[in-house]
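Hi there,

Here is the structure I promised to pass along. Have a look when you get a moment, and read on below for my notes.

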Amino acid sequence: MLRIGNASGFYGDRFTAFREMLTDGPLDVLTGDYLAELTMLILAKDRLKDPGLGYAKTFLRQMADCLALAVERGVRIVVNAGGLNPAQLVKALEELAEQQGVRVRIGQVVGDDLLPRAAEFGRPGLLAANAYLGAQGIAECLRGGADIVVTGRVTDAALVAGPAIAHYGWGPADLDALAGAVVAGHVLECGAQATGGNYAFFTEHDTTRPGFPIAELHADGSSVITKHPGTGGAVTTETVTAQLLYETGGARYAGPDVTARLDTVRLTQQGPDRVLIDGVRGEAPPPTVKVGLNRLGGWRNEVVFVLTGLDIEAKSALVQRQFADALAASPAGPPAELRWTLARTDHRDADTEQAASALLQLTVRDRDPERVGRAVGAAAVELGLAGYPGFHLAALPGAGSPYGVFEAAYLDAKAVEHTAVLPDGRRIPIEPPAAVRELLPLPEPPRPEPLPPGPVRRAPLGLVAGARSGDKGGDANLGVWARSEDGWRWLAHALTVDRLHELLPETAGLTITRHLLPQLRAVNFTIEKLLGEGVAAQARFDPQAKALGEWLRSRHLDIPEALL
């Protein structure tokens, strides 16, 4: 058995998690995931300011605290904290080890940085272009004796699959085992989201301070998801289901090493805080690898007007008319995009002024910073004594700020130079899998037999179903699962694409794809372009769709009383 823990789900996660995971129980490997689409843009901006940056600085500070402890306990560390500059992070780690008198061997995985080939992607102004590499480079570094492996952009699941490949000696043909490790890696990658964090039914467990997850991986690719004894949160089939649905789509979950079939995943509660994952089938990976492209999209600004008391709609309309006139008269001209959003947070006959107030948000975007900066702020401030009664702003407007755009491209896997740099300096090229398979959607599985007719009651969906949601570029992912077999028999028929459009009016006119996953009792939706140009563009109130699932759960529909 190989025990792999996770101590970071994003750049900014709990700083003390590394020490907690190293001290609270035994581990063989400790991973940390620091990279996301937005993070790559943040690191690109760091690198523009200082070519020696571009990596996750938090990890270096965590190692200053924990490096000697990890070496003492024999725990190997695998992280993607190298970001856009893994070589510089390795150099900093070597200097840290020398300062602390700790002997440590460090390997790195390179080849993901494709910015020198930016012209191939036809997107001017790229700040970062990174291929999502697989797990084989990590495995090669570990086989070469590395105590720490630093990578740039790899798939999140590769942080777990790589150590498993090195430990069990799997080859490219061991597709089922590889797929099992990828599924375990996907469960671990977001840290405490697998142990009760961001969990729909959070009141059922003590989630004040969830522990971080562990996967006990076996030679056949099966695993048990657990956590250190005595840590907070919970590991149940439903917390694991929630994470399996997060930022996935259909039954085929593709990666550079294997395509895991999510429709074959079996979850079994083995005991308190222990969930067995087995039965996972694997297929050959697709012939292409994903490349994340980050570029500067333009400049944005926002102003929030506070509207209090009566005539909220009329006050909103007045502001918009006045603003249109002011921007039309501005020497710079109006911004290319203006978006008004009225949030009716006001309550009738409220007993506090805040509860009596609504928020009107103006978001502006343009390629020219002048059109979203001083002109917008001045137009807002100048209404101070000439606007609606009770005029005031949530905050004084500032200058415009740049926003980024994320896009995905795809390259032939053979066109990416995936390389493992061993602790002794040897560079081992990683060949892409010889056997590949075009990624095609599976036909929808048959729906279960519907529940027999019976009385229904209007109630929130969240009383009988959980949900978790997130972002993939400009698309949103929304996974919904039933809590019982009868609930699944109802959900599979009730929650159609048309019904989702009705429940979430913001999705009107957008393409939605529905995927059924019967073994998880789940429906997974992909909502295209809900998030515009991605999280960095901040085109929506909830730019990463993190709360989209909770909005859906709060919506009312006719639910069989037998389920309620």
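Predicted model: local features only at pLDDT ≥ 70, side-chain atom pairs only at ≥ 80, totals over all residues.

Let me start with strand β5, which covers residues 126–131. This strand is mostly covered, with six of its six residues buried. Its partner is strand β14, residues 288–308, and the two run antiparallel with five bridges between them. If you want a place to begin looking at that pairing, A129 sits opposite L293 in β14.

β14 turns up again around helix α10, as part of what covers the buried residues of that helix. Those buried residues are A375, V376, G377, A379 and A380, within a helix that spans 374–381. Besides β14, the cover includes α9 (312–328), β16 (357–366) and β17 (392–393).

The serine is S469, which belongs to strand β22 (residues 465–472). Is S469 buried or exposed? With a relative accessible area of 2%, it falls under the 20% cut-off and so counts as buried. Leaving out residues up to four places away in sequence, S469 touches Y246, N477, L478, A545, K546, A547, L548 and G549.

Terms used. Residues numbered from 1 in each chain as written. Heavy atoms only, no water. Buried < 20%, exposed > 50% of the residue type's maximum accessible area, 1.4 Å probe, protein only. Helix = DSSP H or I, 4+ residues; strand = E, 2+ residues; numbered from the N terminus. Pairing = 2+ DSSP bridges. Contact = heavy atoms within 4.5 Å.
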